[in-house]
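Let's take a walk through this fold together, one region at a time. Keep the viewer open as you read.

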Amino acid sequence: MGIALKCQENSCFPDIFHYFCQENSCFPDRLTIGRILESTQMASIKKYIKEDLKNRGGDIIFPEDYLHLGSPEAIHKALSRLTKEKELVRLAKGIYLRQVIDAIIGPIVPPIEEIAKAIAEKEHVVIRPTGAYAMNKLGISTQVPMKVVFLTDGQSRSIKIGRGRLTFKRVRPKLLGAKNELVYLAIQALEELGKQDEETQQQTFEKIRVALANVPREAILADAKYAPQRITKLLHYLVSVK
């Protein structure tokens with residue numbers, strides 16, 4: 001379907017714009033000139049981003065990556081257009097994914113931890129796993145939760161990604177201070193004991209002890225000070241029975 005034309009005397013112009021006419025000539029008004037410039041800028045930005053997608057290393061895209069090209073509104077429109085053209089997938093508000101399609105399984109979405117790390121890097125904040133996801137990383141649980149929670153020194157927020165949910169929970173920086181990753185994960189796993197029945201608690205405690213078997217005693221004690229007091233006591237007990 002073509003663009004509707006509006007004709008006046010000997011001149012025709014697109015009906016979607018506003019023109020003022022004088023004698024036998026018609027000129028776009030300021031609003032129309034602005035729209036034309038904005039449309040031209042958006043097309044230029046979209047072309048740049050499309051080319052950049054072929055060369056960039058990461059798959060996760062943020063509007064802020066391209067603010068040097070133009071206004072936030074123009075960037076948003078360009079990304080929305082690329083999403084409609086299936087060059088990008090909108091994971092959540094302000095988070096896009098470069099479209100990669102596998103011949104067998106279809107669109108490929110990066111692991112949720114990769115998405116979380118990309119967000120943390122963009123916002124210059126610290127994040128560390130907690131809850132069921134921390135237990136999975138420690139090897140205590142084989143189940144990968146659909147709802148993944150990270151502790152952070154940044155803002156608390158929750159983002160729906162596909163069928164899952166990514167949550168950032170703000171805590172005191174001290175709780176993120178453990179240097180040894182296994183000890184940190186053990187602290188988070190010990191926090192989960194209160195949600196389990198007595199038999200499961202004993203099984204989980206033994207798995208944590210095994211997970212820390214090769215961690216030096218000094219490293220465990222050094223990081224114990226970053227845990228809540230009740231967890232610190234449990235870590236000291238674990239060290240005593242190693």
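**A guided tour of the model**

Alanine 74 counts as buried, because its relative accessibility is 1%, below the 20% cut-off for that class. Bear in mind that this is a predicted model. You will find alanine 74 in helix 2, which covers residues 72-84. Between alanine 74 and proline 63 there are 11 residues in sequence and 10.0 Å in space, taken from C-alpha to C-alpha.

Next, have a look at an open sheet of 3 strands, with the order 5-7-6 and antiparallel pairing. Strand 5 (60-61) and strand 6 (88-92) are at its edges with a single partner strand each, so one side of each has no neighbour in the sheet. Strands of a sheet pair through backbone hydrogen bonds, either parallel or antiparallel. Here, strand 6 and strand 7 (residues 95-98) run antiparallel and are joined by 4 bridges. Opposite arginine 90 you will see tyrosine 96 of strand 7.

Another antiparallel pair is formed by strand 10 and strand 11, again over 4 bridges. Threonine 130 has valine 149 in strand 11 as its bridge partner. Strand 10 is covered on both faces: Ile127 and Pro129 are buried on one side, Arg128 and Thr130 on the other. Arginine 128 also meets an aromatic ring, as its charged end sits over the ring of tyrosine 184, 4.1 Å from the centre.

Tyrosine 184 brings us to helix 5, where it is one of the buried residues. How many of the 11 residues of helix 5 are buried? The count is 8, so the helix (residues 181-191) is largely enclosed by the rest of the structure. Besides Tyr184, the buried residues are Val183, Leu185, Ala186, Ile187, Gln188, Ala189 and Leu190. Their cover includes strand 10 (127-130), helix 4 (131-138), strand 11 (147-152), helix 6 (198-211), helix 7 (217-224) and helix 8 (229-240). At the N-terminal end, asparagine 180 caps helix 5, with a side-chain oxygen 3.0 Å from the backbone nitrogen of leucine 182.

The largest nonpolar core has 28 residues, of which Leu190, Ile208, Leu212 and Leu235 touch the most other members. At least two residues of this core come from each of helix 4, helix 5, helix 6, helix 7 and helix 8. Helix 5 gives the most, with 7 residues. Leaving aside residues up to four places away in sequence, isoleucine 208 touches Leu138, Ile140, Ala186, Ala189, Leu190 and Leu238. Apart from this core lies another, of 20 residues, including Ile112, Ala120, Tyr133 and Val148.

Our last stop is the aromatic rings, where the structure holds 3 pairs. In one of them, the rings of phenylalanine 150 and phenylalanine 168 have centres 6.3 Å apart and planes at 35°, so the pair is tilted. Phenylalanine 150 belongs to strand 11 and phenylalanine 168 to strand 13 (residues 164-170), so this pair ties together parts 18 residues apart in sequence. Both phenylalanine 150 and phenylalanine 168 are buried. Which residues do ring pairs link into a cluster? They are Tyr133, Phe150 and Phe168.

Terms used
Residues numbered from 1 in each chain as written. Predicted model: local features only at pLDDT ≥ 70, side-chain atom pairs only at ≥ 80, totals over all residues. Heavy atoms only, no water. Buried < 20%, exposed > 50% of the residue type's maximum accessible area, 1.4 Å probe, protein only. Contact = heavy atoms within 4.5 Å. Polar contact = N/O pair within 3.5 Å; in protein donor to acceptor, adjacent residues only side chain to side chain. Pairing = 2+ DSSP bridges. Core = buried A, V, L, I, M, F, W, Y, C linked by side-chain atoms within 4.5 Å. Phe/Tyr/Trp six-rings, centres within 6.5 Å; stacked < 30°, edge-to-face > 60°. Lys NZ or Arg CZ within 6 Å of the ring centre and 35° of its normal.
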